[in-house]
Amino acid sequence: MGNSIIEPHREDFPLLMSLDAAYLDNAATSQKPYCVIDAERDFYKRLNSNPLRSFYDLSISATDSYENSRENVRKFINAKSTKEIVFTNNATSSINLVAYSYGLSNVKKGDRIVVAISEHHSNMLPWQMVAQTTGAELEYMKCDSAGVYSDEEIYRCITPNTKIVAVAVISNVTGSKAPIEKIISTAHANNAVVMLDGAQSVPHTKTDVQQLDADFLAFSAHKMLGPMGVGVLYGKEDLLEKMPPFLRGGEMIESVRLDRATFAELPHKFEAGTVNAAGVFALSSAIDYYNNVGIDNMERREQYLTNYAYQKLSKIPHVNVIGSSDPYNHSGILSFTIDNVHPHDVSAVLNQDNICIRAGHHCAQPFLAHLGIRSSSRASLMFYNTEEEIDKFVQSVASVRKLMGYGD
Ligand SMILES: Cc1ncc(COP(=O)(O)O)c(C=O)c1O
């Protein structure tokens, strides 16, 4: 394949083939290929039974499909062991698991929790809760207007009393990549652990948790061609081993007495109740799709499209693209404002032109306030988007101010 740009593979995505609109809201959720939709159906048609519980053949097959999917996820992010892969509902529930389980039992008054200011509320509110419950100090690590975190700021925030650092690998507002290698090494030098939010990175760029020396990584299946309702928590085995269960109930136990219980081995200790086996099976199919097309090939096409869109969007008068001036540090995400036009109006105009983008605070109100804005419009790309869709988008954005009654 070399360095050539792959085709968009649109024929693999039924909704893209039938939708009379340009779908540019991929950071919210991605579209699903046939193989993922078929896998979910296939589970219910061929394997449906409650996995991990029973000893009849059908249930054993359901268990096998569930555990083989876990192995597929393990390989995808290069975790050491399947014990380190916990299935949850979404990235939000993965982060809450770490906050309630690791956070509440390892953080005390006088400790510090560091949260990057650019975090999605999902990797901020759980840490506010831990700080409020334990009396720990909450410190926000601040980036500049391009979304860049300096070494000085990292060293200022991560101190010897820091226990947890929460940071997204890629921001859902600016698309810029945080210096996670530096943040992780600084945290480890201070005996702190790092909660990486991979919701916007795992779908778009190769992730190797061993190479990163990651402690915890959360991501959602639905943003990476998989189904809604499935999330993943990666955690280092020795950390997960020492953590108490988050949710308690069926299938996460070893034995139960009237007054106490002992808990199942990893990772089942963290998977209480009936699991989303069909969704996990479909996530595994999404990973097969990534492996077939090649995540590096997808990333190269997304970088190409981002640059193509950035060059055009940033030249439209009165349009301000948020974040880095380097189009290759946007990971498919282009948030922007238009002078004197509310982002909801931008989105409404684009909707009239059959273009789907997000408008609002992107679940990152403190970050937008830090950047001095209340809301923005956001186009977010995936490898299946096309130059034609971007041309349509740019043309529509360029028409907005005139439609709102401005002369230029
Ligand atoms: C950076 C980031 N973190 C976390 C989330 C939350 O993902 P989910 O709603 O799937 O839990 C999102 C979703 O947009 C996100 O962009």
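**Exercise 1. Determine how strand β8 is paired in this predicted model, and whether its residues are buried or exposed**.

Solution. 

Step 1. Begin with β7 and β8: five bridges link these strands, and the pairing is antiparallel. Within it, leucine 217 lies opposite tyrosine 234 of β8.

Step 2. Turn to the other neighbour. Strand β8 (residues 231–235) is joined to β2 by four bridges, and these two strands also run antiparallel. Here phenylalanine 87 faces valine 232 of β8, while valine 86 has leucine 233 of β8 as its bridge partner.

Step 3. Examine the side chains' directions. Gly231, Leu233 and Gly235 point one way from β8, Val232 and Tyr234 point the other way, and all are buried.

Step 4. Conclude. Five of the five residues of β8 are buried, so the strand is largely enclosed by the rest of the structure.

**Exercise 2. State the order of the strands in the sheet and identify which strands stand at its edges**.

Solution. 

Step 1. Write down the order: seven strands form an open sheet, β2-β8-β7-β6-β5-β3-β4, with mixed pairing.

Step 2. Find the edges. β2 (85–88) and β4 (137–141) each have a single partner strand, so one side of each lacks a neighbour in the sheet.

Step 3. From one strand to the next, the twist averages 20°.

Step 4. Helix α4 (residues 91–106) packs on it and touches β2, β5 (162–168), β6 (193–197), β7 (216–220) and β8. The direction of α4 makes about 35° with that of β8.

**Exercise 3. Describe helix α14 and explain where its buried residues lie around the axis**.

Solution. 

Step 1. Check the length. Helix α14 (residues 387–403) has 17 residues and reaches 24 Å from its first C-alpha to its last, close to the 24 Å expected at 1.5 Å a residue.

Step 2. List the buried residues of α14: Glu389, Ile390, Phe393, Val394, Ser396, Val397, Val400 and Arg401.

Step 3. Look down the axis. The buried residues of α14 fall within an arc of 165°, and therefore line one face of the helix.

Step 4. Consider the face turned away from the buried side of α14: Glu388 and Lys402 are exposed there.

Step 5. Follow the chain onward. Just after α14, glycine 405 has a positive phi of about 95°.

**Exercise 4. Locate the two domains and describe the contact of domain 1 with domain 2**.

Solution. 

Step 1. The domain assignment gives domain 1 (10–30 + 294–403) and domain 2 (36–291).

Step 2. Taken over C-alpha atoms, the centres of domain 1 and domain 2 are 28 Å apart.

Step 3. The contact takes 24 residues from domain 1 and 28 residues from domain 2.

Step 4. On the domain 1 side, α11 (295–313), β12 (333–338) and α13 (365–370) each supply at least two residues. The most comes from α11, with four residues.

**Exercise 5. Identify the backbone features of proline 267, serine 331 and asparagine 354**.

Solution. 

Step 1. Recall the background: most residues other than glycine have a negative phi, and most peptide bonds are trans.

Step 2. Leucine 266 and proline 267 are joined by a cis peptide bond, with omega about -5°. Proline 267 belongs to the loop between β10 (261–263) and α10 (277–293).

Step 3. Serine 331 has a positive phi near 45° and lies in the loop between β11 (319–321) and β12. With 26 other C-beta atoms within 10 Å, serine 331 is buried.

Step 4. Asparagine 354 has a positive phi near 60° and lies in the loop between α12 (343–352) and β13 (355–356). With 14 other C-beta atoms within 10 Å, asparagine 354 is partly exposed.

Notes. Residues numbered from 1 in each chain as written. Predicted model: local features only at pLDDT ≥ 70, side-chain atom pairs only at ≥ 80, totals over all residues. Expected span 1.5 Å × (residues − 1). Buried ≥ 20, exposed ≤ 12 C-beta atoms within 10 Å, placed from the backbone. Arc of directions from axis to C-beta. Pairing = 2+ DSSP bridges. Axes fitted to C-alpha atoms, helices over the stretch in contact; angles between N-to-C directions. Contact = placed C-beta atoms within 7 Å. Domains from an automatic or database assignment.
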